[in-house]
Structure formats: structure tokens, C-alpha cells
Amino acid sequence: MSRVLVGVKRVIDYAVKVRVKPDHSGVVTDGVKHSMNPFCEIAVEEAVKLKEKKLFKEVVAVSCGPAQATETIRTALAMGCDRGIHVEVTGKDYESLGPLQVSKIFAALAKKEEASLVILGKQAIDDDCNQTGQMTAALLDWPQGTFASEVEIEGDKVKVVREIDGGLETIKINMPAVVTADLRLNTPRYATLPNIMKAKKKKIANMKPADLGVDIVSRLEVLRVDEPPTRLAGVKVETVDDLVAKLKESGTI
Amino acid sequence: GLRNQSTRAGLSAEHATAPGVSHPPLQTYTEEEGMMREAVKRFAQERIAPLVSKMDENSHMDSEVINSLFEQGLMGIEIDPEYGGTGSSFFSSILVIEELAKVDASVAVLCDIQNTLINTLFTKLGTVAQKEQYLSRLSTDMVGSFCLSEAESGSDAFSLKTRADKHKDYYVINGSKMWISNAETAGVFLVMANADPSTGYRGITCFIVDRDTEGLQIGKKENKLGLRASSTCPLNLDNVKVPEKNILGQVGHGYKYAIGMLNEGRIGIAAQMLGLAQGCFDQAVPYTRQRVQFGKRIFDFQAMQHQIAHVATQIEAARLLTYNAARLKEAGRPFIKEACMAKYFTSEVATLTTSKCIEWMGGVGFTKDYPIEKYYRDCKIGTIYEGTTNIQLSTMAKFIDKEFDL
């Protein structure tokens, strides 16, 4: 069965100025603009492109979260995914939902849906964890191609060009596999208006983690959230000698 | 990115209505309307915004922009999917026009004319053959122009002189048109010509004239103050032969169609002016929050706050008038007076807003390095085209008069 599973996460929009809650328990999300995680958009685009190349038959978009997560799934459908799965997680469970629980859910769904490929964004811009793809692969005991800037299907294998510190690394892994999308993998399409209309008719299935036999109790407790320290003003100097003097003075050199 | 954070809550909050509340606020959108608006907002910011200044300077709409409008499905918003359209609602068109106008009023007017005038005329009046021939082109790759005004007839539209003389099964059209938007790129022209001048305006007929028809000459585009990227050209019709089957609707009913359609079109213009005002405001206010004089942000001076709050109120009122007129039309209820109010009010608000925004930005507001002065130039046409302010007011007065008839 040539099916691709794509994970999409609803996060605070990248352009919003994030504010820490007064009680330092987290950031303000109420009434704040949310959208699909940019790396998830790239993942969706890649999955849809693979289907358009007729390499896969179906793309299923999955999101874990409260009711609003369906908006994110709907956007994925408008970009070309065939159907969606909303795994409902609400309230305190949602606040403590992290990569380990999500990867358990994705692993269970990948098996249930008999996916050949799971494509995720490399990380979410709210927690910057960069773990879900890797953990999902490990739980499934599948190979992983992370930080992908190029993906090519070659028979029953996937060739992945990975962006690593030293440059680009090309690997070939067997399917079924997990791939995580990096920035330069592609440029996500806009949801055209006709596709937004078509997305209305596509199905989104609803389920709970328990339905997949997944326990989402968190092993992590967030103690405190703070804003990063305010950046102090710089000092302008007139000459290179002044600059060197100041650097010496501050103990930097 | 420039974000209108004011009272704009997240998407879900905009859909939410407290349980048991049967009259949601005007700013309540269906999921599809919300998604469309977001999609167009992004598309406009990323694909159109970088080209705006150049298109204005060169008085030329980039063909890539026009192509991408078609690709995104923005040119056939209400057209049935069977003709390649989006199959969405009038209100969606209004939201799209508003979002486009926040970035470029010229692009917005191209989209507005196509959707609210050309597509509507074909959809409402077209024969099956005409719809098949034109609607799928209009939704995918062909721009349309609406030709009513002439040098000697603007507000007095029905005194138009362009004649259509009947011969067996075709008409010969002679005359000239002025101020025709989209003319440079249009593939089809809806020409209002009089087939029987002896009956006065009751001879006005709507003819479908393809661009390549012999005798149709598109004149040099006007060098305009604003909306420069929107081509505005005179048209010359010199013995243009048009077959009878190219009449849209019925002979002599053209005047009715023109009025009917301009009633709807004016809500589209209201949306354009609304977007223009909002886009200008959204770019000016951040400046006032950054600029420091006398030790504080200029936003913090009371005089500035009062002006900014006043303008914000006007824009909000303009938005409510526009949205309500659109919803009234969708609901099949009388909407002409409200549409006039929306167009009249938003064009005045656009004038006020853009003028104030330049002042708030001071010297930089006056330079072309900043986008504000373009909004100021673009807004002026709002009080003039698709029914001048005075015409709107007179139309409203007629309705008000009738309301008091016992």
C-alpha cells in the first residue's frame, strides 16, 4: 500500500511576538494567531509532490491537539492531502504533549495505516525539539532521513540528501522510512481557492490516543518559562584602537 | 512581518460564537472564508508586494502577477467548478479583494472587475453557449473589460453615443469608449452600445466583443495619478462587426444590466477602498511606535493617539458597512442603498486614512521610498469611479425618500 503519512502541527504563527504568561507557566496562546508549523508545510508539500509524481497513492495528514487542530489539517487538505486524522488531545494533556507521546501516536498510526513513508517537519518552531521524527523512526524500528533537503524515491528505497554541519550528506534508506523536512527541501504551495473549496469535502477522522493504545502521560514537567534576557544596548566607538581597548576592557580578548 | 494585531484574534476565535447566541458579529467567517483570506493574504504579501513599487512606477502590471491570480483561482471566485471556477460566494470575493487591496489597489481592481462585473454578467445573462465559450476562459486565463463610459458620458452613462446598427444577423458597432480598465490585457470586452437611439436608453445593448475583432482599437493607456498598474485605455470601435449571438442578454436591456451589476460592483469597490485604507494604516502605525521625538514615541502623544483612534474607528465602520452590504446581497435582501453607503463611506475613509498616514509619517511619508504615498494617490479614484460620490448620495436620497412614502 503506497501511502504517505504527514504530521502537521498547529503552532503560534511565526510572525507573532510571543509573550510569556504572567505566572511563567508558559506562553500566551489565547487569542493569538496560530498557523501550520512552517517545516510541516514543507513536509506536506513534499508528500503532495510525491503523490503528483504518482509514486504514492494517498497522502494522509495527521495532527494531535484540541479542536482547532482540524484547521491545520484542513489547510493540509487544501494543499493536496487526501484525508486527515485528528488525534484529539485537550486541556492539560495538550499542554504537556511532547515529542515522545506524539511519536508514539505517529508510530501507531503508521502501522495502522500501513504507511510506506512518514514525512514530518524537522522541528516545530514553538518548542524547537527536533525529536519527533527521530523518535518515531526508533519506535517503529524504521530507518530515518532527517534534515532532508532532497528526497528521491528509487524503487523501494529513499535517497535523502541531508543538510549536516559539514555540508550535504546523501544516504539511501529502505522503505518504510521516516523523513524529516528541512528548510530548502521545497517551497510550499499556496492553497489555491478552488483547492480550499475541495478540501471542505475531504474527510477528517477523529480519534483519541487511547484508541491507538497510546499512553500520553508526560514524563516531563515544565518548571518555569522566562523571556530571554533583554539585549543590552551596544556601545559605538570611533576607531579600531578604541575597539581593541574596549574588547580588552571587557575581558573578551 | 507587518501584522495587524489590534483586535484580530486567532482564526478559531473569529469563528466562535458563544453557545446560544444566534446573531454572531459581522466579522464572523465560515471556515472556508477564513482559509481563503489567509491564503490570499500570504500570497499577496509574498508574490505581489515585492513588485508593487515597480509596477506603479512603470505603470505596468507584471504578467506574472496576472498569471498567478488565475493560478490561485482568484479570477473565478464565484464561477462554477464545472467552468474551472472556485465555486465560492460573493462574500469570499469581497474578502479576497480586500486582502489584495491591502497590498496593491491596482491588482485588487483587476480582480474586482473580473469577479463582480464580467463574471457576474456572463453567469447571470449568458446563454449556455456563451457560458461555455467564455466562463472557463475567464476563470483560467482571460481578463475581461467592461465598456460603458465615453468621453461625453460618465455619470450620465445612458447618454452614451456608441451605436450598434443592425444588419441581418449581425450588428456594426461604431463609437469610442473611455476609461476602460484592464483594456491592455483583456481578451474580451463587454461593450454597451445603443442599438436603437430613437428609444433613448432603452436601446442600450450589451455586446460581447473579442479582442481580435477587426475594427476594435485599444488606445494608449492613460498616465494616471494612482492605480497606475491598472491599465486604463480609450477604445475605438470602427465598423466592428459583431454577430447577433454575441449579444449578452436581450437587446435594449443593457441599461438594466449595467445598473444591476454596478450595484454589486460597488460593494467590490468598497472592499478595495477598505483594504487600501487598512493596508496603509497597518504600515503607518508601526512607524509611529518606533519613531521617538521629545523622548517618547510619537504614538504616545495624545494628539496622535486621538487621530489614530479616530481613523481606526472610521475604518471599522467602513468595514461593517461593506460586510453588511455583502451579506445583505447574499441573503437576497434589498442592498442597493447599503451598497451605495459602503462605497461612498469607504472611499471617503480611504482618503482620510491615507492623508493622515502621510502626516503621521512626516517627511518619510512624503517620499517614494516608503509605500504610504502610493496609497494616498491610489485612493483618490475611489470617490470617482463606479459611481461618483455625488451619484451615490443622490441614489441613497432616492431610497430614503421612498422610505417615507406613506
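Trainee: Which residues of α1(A) are buried?

Mentor: This is a predicted model, where local features need pLDDT of at least 70, side-chain atom pairs count only at pLDDT 80 or more, and totals for chains, interfaces and linings use all residues. Residues are numbered from 1 along each chain as its sequence is written, chains are lettered from A and ligands numbered from 1 in the order in which they are written, and side-chain values use heavy atoms, leaving out hydrogens and water. Buried means under 20% relative accessible area, with exposed over 50% and partly exposed in between (1.4 Å probe, protein chains only). By that cut-off, the buried residues of α1(A) are Phe39(A), Cys40(A), Glu41(A), Ile42(A), Ala43(A), Val44(A), Glu45(A), Glu46(A), Ala47(A), Val48(A) and Leu50(A).

Trainee: Why is α1(A) largely enclosed?

Mentor: Helices here are DSSP runs (H or I, at least four residues), strands are E runs of at least two, and both are numbered from the N terminus. The rest of the structure largely encloses α1(A), because the buried part of this helix comes to 11 of its 15 residues.

Trainee: How far does helix α1 of chain A reach from its first C-alpha to its last?

Mentor: Helix α1 runs over residues 38–52 of chain A. The expected span is 1.5 Å times one less than the number of residues. That gives 21 Å expected, and the helix comes close to it, reaching 21 Å.

Trainee: What residue takes a positive phi just after α1(A)?

Mentor: Look just past the end of the helix, where phi is about 65°. The residue is Lys54(A).

Trainee: How many helices and strands does chain A have?

Mentor: Chain A has 253 residues, 47% of them buried. Its secondary structure comes to 7 helices and 11 strands.
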